[in-house]
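Please walk through this model with the structure open beside you.

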Number of protein chains: 2
Amino acid sequence: LNTDLEAQYRLYIERLNSHVVDDLSDFVHDALTYNGQAMTRRDYQDMLAGDIAAIPDLRFEIDRLVVQHDHVACRINFSCTPEGEFMGLAPNGKSISFSEHVFYRFRDGRICEVLSLIDQTAIRAQLAS
Amino acid sequence: LNTDLEAQYRLYIERLNSHVVDDLSDFVHDALTYNGQAMTRRDYQDMLAGDIAAIPDLRFEIDRLVVQHDHVACRINFSCTPEGEFMGLAPNGKSISFSEHVFYRFRDGRICEVLSLIDQTAIRAQLAS
């Protein structure tokens with residue numbers, strides 16, 4: 001079962017890396033919570049599309065993946081070059097590296113909850129320099 | 001096996017909540033890496049003792065726990081009142097709430113690697129107000 005969920009999660013990350021995020025219904029429920037806030041899958045897709053628009057070379061690299069029951073925890077590394085505003089910060093033309101630590105809850109194989117922390121301190125330090 | 005590691009991790013968190021952190025040899029190897037930086041168990045204990053000194057009511061509340069093979073991922077919630085400098089910020093007498101998302105690697109039942117992200121944005125917002 002863990003193997004199935006891990007495989008499903010890896011497919012989800014592949015999909016994000018394809019940058020085709022206008023229909024994530026294979027991976028995400030119609031309604032979910034993101035950091036405690038209710039949102040629709042459409043909201044979630046739009047958020048990801050916004051990140052991809054700001055960072056054309058955005059790529060999710062799985063660094064640590066821990067799967068148990070309906071829970072997935074992932075440390076995702078990013079090395080990318082923002083071209084638009086990202087997390088409220090203007091791009092400075094430089095490449096930046098940072099991590100996200102994210103917990104997902106799946107229900108029937110699809111995401112219903114996301115709890116994400118992004119290393120904003122690292123991003124701020126690199127975009128400010 | 002997962003059950004064993006989960007139980008071991010819960011004992012570790014109980015120990016931290018006892019605030020007796022001068023000997024974590026049951027839980028932590030002599031040498032470990034913390035966010036990629038090599039440190040000794042003594043360094044790690046001193047870091048925790050420093051946090052407890054700054055925050056006398058520090059309490060680790062497990063919010064999400066995901067265990068697989070030698071890996072533990074935990075979302076830890078904190079509600080506490082800093083009385084000393086914490087993460088470079090002066091206390092303001094108020095209670096603050098924030099989360100940590102942390103990935104551990106265990107070897108032979110003891111921690112050898114910690115990758116931690118703390119919601120510094122939330123802390124900064126609450127200690128600045």
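Does B:Glu113 count as buried or exposed? B:Glu113 has 10% relative accessibility, so it counts as buried (buried is under 20% relative accessible area, exposed over 50%, partly exposed in between, with a 1.4 Å probe and protein chains only). This is a predicted model, where local features need pLDDT of at least 70, side-chain atom pairs count only at pLDDT 80 or more, and totals for chains, interfaces and linings use all residues. Residues are numbered from 1 along each chain as its sequence is written, chains are lettered from A and ligands numbered from 1 in the order in which they are written, and side-chain values use heavy atoms, with hydrogens and water left out.

B:Glu113 is found in strand S6 (residues 110–118) of chain B. Helices (H or I, at least four residues) and strands (E, at least two) are DSSP runs, numbered from the N terminus. Leaving aside neighbours within four places in sequence, B:Glu113 is in contact with A:Arg64, B:Thr33, B:Phe103, B:Tyr104 and B:Arg105. Contact means heavy atoms within 4.5 Å.

Now the two chains. Chain A can be laid on chain B with an RMSD of 0.0 Å, by a turn of 180 degrees and a shift of 0.0 Å along the axis. The copies are thus related as by a two-fold rotation axis. Superposition is by least squares on the C-alpha atoms of residues with pLDDT of at least 70 in both. Of the interface residues of chain A, 100% are also interface residues in chain B, so the copies meet through the same surface.
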